[in-house]
Amino acid sequence: MAQRTALIDALKRELKQQGKTYKDVAQVLSLSEASVKRLFAEHNLSLERLDRLCDWLELEFADLVTLMARSKRQTTHLTLQQEQELAADNKLLLLTHFLINGLSFTEITEQYAIEEHEGIRLLAKLDKLKVIELLPNNRVKLRIARQFEWIPNGPIARFYEQHIQADFLKSSFSGEDEIRLFLSGLLTRGSHSELLNKIRQLSHEFADISQSDQSAMQSERHGTSLIVAMRPWEPEVFRPLRRPVKQVSGN
């Protein structure tokens, strides 16, 4: 299953590289666009369909395997120094954020106040930091793996906590396409671990769906954030009300 997932992810990257969309794939496979999106999201393409798509992309199946192997060498964590340099420059961090989310350099500079010469300098810095590989015509290839994670409590995590998290939560979450859940209960260690695993799986599904949607037109996509938090916890306001723990005296 892991190999098939990696192979299909490599195919998705090649589709994006060649400017192909799910609508194009649907025509090649004689399926609806919705069916194609589901197959890619579930990593459920048969070998026959993979072979047809490789022929269409003028790609040998062995080439696809090579692309898959190359992606496994991508970075899963940055160093502390790399994160510090990103966190110290808002424009550099903005560029990194949107490149990771599949926007092209041109799409980013059209929407944000980054002049071309400044943007090229920032791309060169990201290339030096080994976040991207800078290609001709300001195209980029990410050196960051799909399951990339920032350093826990590192410079980027602290930046988001200080500047992004509070802004994100400043909402009633009452809109039709919004939701906020706050659940509380008493769980055993086993149940706690089970829920943690499901939350981690949700993060993987979010990453898969986000990557799948990178082939859609920019006008069809919008920024979406998801925060799910869970930990053993007692509200601070309740703590002063706790009775002292009774000491068990020995015989």
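**Exercise 1.** With which residue does Lys141 form a salt bridge, and how far apart are the closest N and O atoms?

*Solution.* The structure is a predicted model, in which local features need pLDDT of at least 70 and side-chain atom pairs count only at pLDDT 80 or more, while totals for chains, interfaces and linings use all residues. Residues are numbered from 1 along each chain as its sequence is written, and side-chain values use heavy atoms, hydrogens and water being left out.

Step 1. A salt bridge is a side-chain nitrogen of Lys or Arg within 4 Å of a carboxyl oxygen of Asp or Glu. 
Step 2. The partner of Lys141 is Glu133, with the closest N and O atoms 3.4 Å apart. 
Step 3. Relative accessible area is classed as buried (under 20%), exposed (over 50%) or partly exposed (in between), using a 1.4 Å probe and protein chains only. Lys141 is partly exposed because its relative accessibility is 33%; Glu133, at 27%, is also partly exposed.

**Exercise 2.** Determine whether the length of helix H9 agrees with its number of residues, and locate its buried residues.

*Solution.* Step 1. Helices (H or I, at least four residues) and strands (E, at least two) are DSSP runs, numbered from the N terminus. The expected span of a helix is 1.5 Å times one less than its number of residues. 
Step 1. Helix H9 covers residues 116-128, and its 13 residues should therefore span 18 Å; the end C-alpha atoms are 18 Å apart, in agreement. 
Step 2. The buried residues of H9 include Leu122, Leu123 and Leu126. Down the axis of H9, the buried residues fall within an arc of 140 degrees (taken from the directions from the helix axis to the C-beta atoms), so they line one face of the helix. 
Step 3. His117 and Lys128, on the other side of H9, are exposed.

**Exercise 3.** Which side chain meets that of Glu118 in a salt bridge?

*Solution.* Step 1. The side chain is that of Lys91, at 3.2 Å from N to O. 
Step 1. Since Glu118 belongs to helix H9 and Lys91 to helix H7, the pair ties together parts 27 residues apart in sequence. 
Step 2. Glu118 counts as buried because its relative accessibility is 18%, whereas Lys91, at 32%, is partly exposed.

**Exercise 4.** Where is His192 placed, and is His192 buried or exposed?

*Solution.* Step 1. His192 is in helix H11. 
Step 1. Its relative accessibility is 19%, so His192 counts as buried. 
Step 2. Contact means heavy atoms within 4.5 Å. Neighbours within four places in sequence aside, His192 is in contact with Leu187, Met230, Arg231 and Pro232.
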